[in-house]
Amino acid sequence: MKKQIAVWAALTAVTLLVTGCTAEAPAAAPAPAPSPTKAAAPEPAPAPEAARAVAYRKWGLKPFPAPPAPPAVKPVKRAPGGPVPVISEIPTRDKVVFLTIDDGAEKDPAFVRMMDELDVPFTMFLTDSVISGNYGYFDPLVRQGHGVANHTLTHPNLRTLSPEAQRREICGQQEKLRARYGTAPRLFRPPFGNWNEATRAAAGSCGVDAIVLWRESMQITNMQYQRGDRKLHPGDIVLAHFRGPAELKGRTMTEMTATMLRRIREQGFTVARLEDYV
């Protein structure tokens, strides 16, 4: 009997081994997933004032104080049907001046970068005969928000022209600038500052709101003043030109502009947008 039991047990073991019906060992617990690496926190962007200070330092300048809010009512307005105002300054007590840059002959890409980085407003009085070879240069300046104004088609001395010839010079440039930059200019500057009543009448018929002259003009390293005290006054309009090394005795337009901004800052003034006041 014992022999039969032993034989039966051996046969059962062989059967289980062949069919694979053995007890399974418990599955091992899965290894814990590695914890994700914590991303480094992005560095905070510099504060606007700090970024502005860096931009000014790049050009060797100190930031300007923020200009006051534009006046609720513009201090220079053309009365309906009235003559076009002729201005060289804006009536204001705020320590602000207004930058205007004429002609458009020099087209320095560094100046476009400079104005973008410094965010100093200015108005461009453009002459078609000197910009028509490269209208595109002024596109980024327009996108930055700088004003576009009229400086005639060919830069003549308007006082030597007939009333109709003056009208062609002014109205023709109004249309050129409107077609290129989207709106007809409201401001006009006569070449050399020369004008007469025929100029005023022509400008008015072309849709101009003001004839803009100036109180100071930027030369190579210093300003030329019209007043005997040789100082800026609140509301002064400052004239400069798109000029390069050939006209500036080797200096670049950005160097000339930096010097002009430095002279304004040294006298405790800031720069405002002319179109907000006219």
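Modeller: Let's start in strand β9, where His241 is the bridge partner of Asp102. Keep in mind that this is a predicted model.

Colleague: OK, what makes β2 and β9 a pair?

Modeller: Count the bridges. Two strands pair if there are at least two bridges between them. Strand β2 (residues 96–103) and β9 have five, and they pair in the parallel sense, so they meet that cut-off.

Colleague: And how do you know that β7 pairs with β9?

Modeller: Strand β7 (residues 216–218) is joined to β9 by two bridges, and these strands run parallel. The cut-off is at least two, so two will do. In one of these places, Glu216 has Val238 in β9 as its bridge partner.

Colleague: Why is β9 called mostly covered?

Modeller: Because buried means under 20% relative accessible area, and five of the five residues in β9 (residues 237–241) are buried. In a regular strand, side chains alternate between the two faces of the sheet. Here Ile237, Leu239 and His241 are buried on one side, and Val238 and Ala240 are buried on the other, which leaves both faces of β9 covered.

Colleague: Let's move on. Why is the link between Cys171 and Cys206 called a disulfide?

Modeller: Their sulfur atoms are 1.7 Å apart. The cut-off is within 2.5 Å, so the pair qualifies. By that rule the count comes to one disulfide. This pair links distant parts of the chain: Cys171 is in helix α6 (residues 163–181), while Cys206 is in the loop between α7 (197–205) and β6 (210–212), 35 residues apart. Both Cys171 and Cys206 are buried, too.

Colleague: What makes the disulfide of Cys171 and Cys206 left-handed?

Modeller: The torsion about its S-S bond is about -90 degrees, so left-handed is the word for it.

Colleague: Last stop: why does Asp108 count as buried?

Modeller: Asp108 has 15% relative accessibility, and buried means under 20%, so Asp108 falls on the buried side. You'll find Asp108 in the loop between β2 and α3 (109–118).

Colleague: Which residues is Asp108 in contact with, leaving aside its neighbours within four places in sequence?

Modeller: Those are Tyr137, Thr252, Met253 and Thr254. Tyr137 is 29 residues away from Asp108 along the chain, and their C-alpha atoms are separated by 8.6 Å.

Colleague: How do you know that Asp108 has a polar contact with Ala110?

Modeller: A polar atom of the Asp108 side chain lies 2.9 Å from the backbone nitrogen of Ala110.

Methods. Residues numbered from 1 in each chain as written. Predicted model: local features only at pLDDT ≥ 70, side-chain atom pairs only at ≥ 80, totals over all residues. Heavy atoms only, no water. Helix = DSSP H or I, 4+ residues; strand = E, 2+ residues; numbered from the N terminus. Buried < 20%, exposed > 50% of the residue type's maximum accessible area, 1.4 Å probe, protein only. Contact = heavy atoms within 4.5 Å. Polar contact = N/O pair within 3.5 Å; in protein donor to acceptor, adjacent residues only side chain to side chain.
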